[in-house]
Each structure stands twice: as C-alpha cells, then as structure tokens.
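The entries follow the order in which I looked them up.

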Amino acid sequence: MTGTASIGVIGGSGFYTLLGRGGEVTVDTPFGPPSDVIAIGEVAGRRVAFLPRHGRDHRFPPHKIPYRANLWALRSLGVRQVLAPSAVGSLTMAYKPGTLAIPDQLVDRTRSRHQTYYDVGAVHVTFADPYCPVGRAAAIAAARTEGWSPVESGTLVVIEGPRFSTRAESHWYAAQGWTLVGMTGHPEAVLARELALCYTAIALVTDTDAGVTEGEGVTQEEVFAEFGRNVGRLRDLVFAIIAKLPEERDCPCQNALDGIALPFELP
Ligand SMILES: [Zn+2]
C-alpha cells in the first residue's frame, strides 16, 4: 500500500468530515492493528492519511494507545511526514486555554509504554531535537496566516496519565522551565524518529494545569469542552500546514537512521 499517502495526521475526531471521500484502509502491523481504520483523503493536492489516536469511539486511553502499530501503519502506507495535533495543559499563566503552541522540546515522564522498535541489538537513535524543523516552521507560518498567535517553542512534558497532575507535580514541572503538559506526545515522537519520519507536534492548550490554576484543578470536562470549541479551527490549521509541507523532504529526519544497522526492514 506504499504510495497511498505521503502525509499522516494523528488526531481527534474532528478531522473525519473533510477526509472521508478518499476512502478508508484497514492496516495490520507486526505490533497489532493501529488505533482504528485509517481514512485517506486529499488536502491541497497531497494525499493524507488520518488516524484517530484514541480510536473513533475513543476507546484507547493515553497509556493504552497502540503507538508502535500507529506509526508503523502510517509508514507502510507511504507516509513520511506526520502532523500530531493534541490537547495539552499549560504550565504557565501566559498561555491561556485556546493558545496554540509548537513545542521544540520534549520530556518523557511516561513509564508503562513500549517506546522503541529496537528490541534487539545496539541501536540508538539521535533524539536531541525530537521534532522536524521543517514541519515546525510550516506549522508556525500556517498558524500566523490562519489568525492564530502561535507560541513558537516550548517544552512538552509527557506524563503517564490517565490522571491529571497533582499540584506539586505541576509546580515542579513549571519550575524546570517546562511549559506544556500532555499524555500522548511520547512515545509517538520517538517512534516516528525510529522510522525516519518527520514528526511535528501541534499543541492546543485546553487548560492551565493543576499548579497554575486557582480553582479545583483541571477536569476532563474542561479539556473536552475547550478542544471541542477549537476543533474546527484546528482542522483548518492542519490543512493549511499540509499545504506548506514540501513534497520532497529536505530535513535531517530522513537521515535519522544513516549508518545504523536496523534489526528489521522498514515498512
Ligand atoms: Zn523532517
């Protein structure tokens, strides 16, 4: 199925309506099936594969998402550039709900997830800069054009969940200088790197995490409501980013595995 799509979007359910016309594909992988069937469509003349991260019925909580299957499935369809919109909490009062951020760094605080394809041999991928520089630049440029005032950098700390942070955790993260907190950005990013995919996180702030709020702390209701308010706008933004992605990659991501002997053949 290689060649089915060149761009992959891993995101929420608001993206289906405009992608549906191209059909759907069911993909299996050595790591089991991905979160759901993958919708194929065309955006700005590019073939796009859309995968709902949690499944269409939202059956996978963050720690149960089949991350390895998801990235493998996208690559097997021909995807080389991945856009990953997600809801995040803000660790600073400066970023109110509705803020868009394009992080440039990541801190892994997850603990129960398979986070590598390299289960045999000495295979170590470089991950100093976890996100695609070209994808980030496209996202920032498109966000400005689409009327957002994007935060152009920042550190996303990815927690295990599914619970939200305690106040102490949230204060601690903020004290490190980290600015955003989420539950799904890892291992998605590193698995993309292990398959030499471009990966760009597009973070929509839905709440100010436990530590910076004066109230009771973040609730699920609050997060879903804020995401719902912005999903149409976020979809338009993702489509605008797709239009700005280069057809031929000219970024370090494609060379991430140069000189490395992989324990398997890339899909
Ligand atoms: Zn790249």
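Before reading the pairings, I noted that two strands pair if DSSP finds at least two bridges between them. I also noted that the model is a predicted one.

Entry on strand pairing. I looked up strand β5, residues 81-90, and found it joined to β10 by 10 bridges, the two strands running parallel. Within this pairing, I recorded Val205 in β10 as the bridge partner of Val88. I then turned to strand β6, residues 100-101, which pairs with β10 over two bridges in the antiparallel sense. Here Ala101 stands opposite Ala203 of β10.

Entry on burial. Is strand β10 mostly covered or mostly open? I found that 11 of the 11 residues in β10, which spans residues 198-208, are buried.

Entry on the metal. Which residues are the protein donors of the zinc ion? I listed Cys132, Cys198, Cys251 and Cys253, each through its SG atom, lying 2.3 Å from the ion. Cys198 also falls within the residue range of β10, 198-208. Along the sequence, I wrote the spacing of the donor residues as C-x65-C-x52-C-x1-C.

Entry on geometry. Why is the arrangement around the zinc ion tetrahedral? The four donor atoms subtend angles of 95 to 116 degrees, and the arrangement is therefore tetrahedral. For reference, the ideal angle for four tetrahedral donors is 109.5 degrees.

Cys253 counts as buried because its relative accessibility is 4%.

Notes:
Residues are numbered from 1 along each chain as its sequence is written. This is a predicted model: local features need pLDDT of at least 70, side-chain atom pairs count only at pLDDT 80 or more; totals for chains, interfaces and linings use all residues. Side-chain values use heavy atoms; hydrogens and water are left out. Donors are N, O and S atoms within 2.8 Å of the metal (3.2 Å for Na, K and Ca); water is not among the atoms, so sites may look incomplete. Four donors count as tetrahedral if all angles lie between 85 and 135 degrees; four count as square planar and six as octahedral if opposite donors are over 155 degrees apart and all others between 65 and 115; anything else is irregular. Buried means under 20% relative accessible area, exposed over 50%, partly exposed in between (1.4 Å probe, protein chains only). Helices (H or I, at least four residues) and strands (E, at least two) are DSSP runs, numbered from the N terminus.
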